[in-house]
Amino acid sequence: MTAVHPAPVQVTASAPAHIDDLLADLQLERAGLPGRGPVPAAERARQAADELAELGLSRFVAELLGESAPVPAPRAVLDLETDDEGRRASYETWCAEARELTGEVWRWLTERRRAAGASRDLDELPWWCGESAFPLPRDSVRRLAAATAPVPDLSETAEAWARSAGLRGRATAEYNWRWLLLGKGLRVKGPAGSSGGEPPPALPPLNELITRLVGEARRHGLLPPGHRVRVLRRPNTPSMVMPVRLPGSSLLSLPTAVTPVTVQYLQHELAHLAEHASRPAGAPPADRWTFDPLRSEGWALLLEQLAGSTAFLARLGVDEETAAVLARFLAEEEHFSRGLMAADLALDADLAGCRTAAEALEAASAVAAGTGLRWAPELLLLRQTRVLHWRSYVAGYAWRDTVRTELVARFGDHWAEREEAWALLRDALGRTGPVAGSAAGFLTALTASSAPAPLGRPESQEPYASRVHEHEEAGSR
Ligand SMILES: [Zn+2]
């Protein structure tokens, strides 16, 4: 198997320290944090242009500098934590901004599609591959391109959630969907420390959740103590993890509120953290910074799924009754999210036949109608800028199921309690390169080894409550 993009760059085995420093500063600056070097990273990148090209990092650095076509995105943050009226107002601002971006989004998409069409003679790259700074493994591109799912009617789920939240008549109103998706309306008791007069806590507060989940990850050897993690609290922004120095450090950005999906989202991000942390320090820099989105998301979905088990939730200190409610909700949430992503993929296919922004909005309306949610077409169209991400999820669910089937076949239904299973997963995860570091390479590693490979990475000495990695609060915004 060969990489998709033709440009094979002769890379050296390791990068000089100043290149690692530069990449770290570029990542920090992109996250809105100051870099550590005295000279601005952009200037250092210009000075090191030849070296970066030699290391196969030019395109990646251009992306970090925002020099590749910037992705249209609203500046407003959807405020989910105000009262009903405040939420409605916030949603309307957000929607209005999305509406204003329609033309820009359409131009961005058209440009990408045109560029992909022009390169068709060389290879068969779908338009969304243009988003990648590094070549995607061919097998993964094939799986991502083939990803498809029927668009389900989600109105019943939305209405059931709304009923339990007491939203009744406005059950499917657009401004509620994200709120409901986060499980804000779910009848579980709030986190400890929430305002007085509320029932006793059933969901642990965020710090405690992080500590316990990190403890779980550490117990399985997924987070080597040397990997530093800086936690950012950003209200109403999706949880995400950004690599800073690989291996070495990552940023973990989290919303401030604890909702029923927080456990799952945290677990998902810890999976990405583990992937960052397990990059081999000696690998060529381009390999260290290349992530196959199918493998990354599939792996995160595998780990995230563990959070849906009542036994796992119990270990986090969630009581039995709440754990049962949560587990049911998380299963519904997966169905709902997969439905939304099926709509994204359906729209991607329909947009191929559209010639104007107006036609694109019409196509989005038609797809939105299929979901049974009164979803603003502008918002659906806006999500197209991240279609590689949605494809990675849709294909990632299937990949995850294959991995899980293999794990169950080898270690039984309770594979997650077997150290040998985790050793095998760590070994597969630590592989890099266009073949071994791909989703297909992961499966090969899993199925090929007849006995779990010895890893030389010792099991954590302090399984629980160990906080060797850095928990650093930075300014939230
Ligand atoms: Zn992810």
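## Packing of two helices

Helix H19 (residues 419–429) packs against helix H20 (residues 439–448) at an angle of about 145 degrees, and their axes are 9 Å apart. Helices here are DSSP runs of H or I with at least four residues, strands are runs of E with at least two, and both are numbered from the N terminus. Axes are lines fitted to C-alpha atoms, for helices over the stretch in contact, and angles run from 0 to 180 degrees between N-to-C directions.

On the H19 side, Leu-424, Asp-427 and Ala-428 meet Phe-442, Ala-445 and Leu-446 of H20. Two residues are in contact if their C-beta atoms, placed from the backbone, lie within 7 Å.

## Basis of the model

The model is predicted: local features need pLDDT of at least 70, side-chain atom pairs count only at pLDDT 80 or more, and totals for chains, interfaces and linings use all residues. Residues are numbered from 1 along each chain as its sequence is written.

## The chain as a whole

The chain contains 20 helices and four strands. Of its 477 residues, 42% are buried, meaning that 20 or more other C-beta atoms lie within 10 Å of the residue's own. Among contacts between residues at least 6 apart in sequence, 67% join residues at least 24 apart.

Beyond its neighbours within four places in sequence, Ala-274 is in contact with Ala-217, Leu-222, Leu-223 and Leu-429.

Key
A residue is buried if 20 or more other C-beta atoms lie within 10 Å of its own, exposed if 12 or fewer, and partly exposed in between; C-beta atoms are placed from the backbone.
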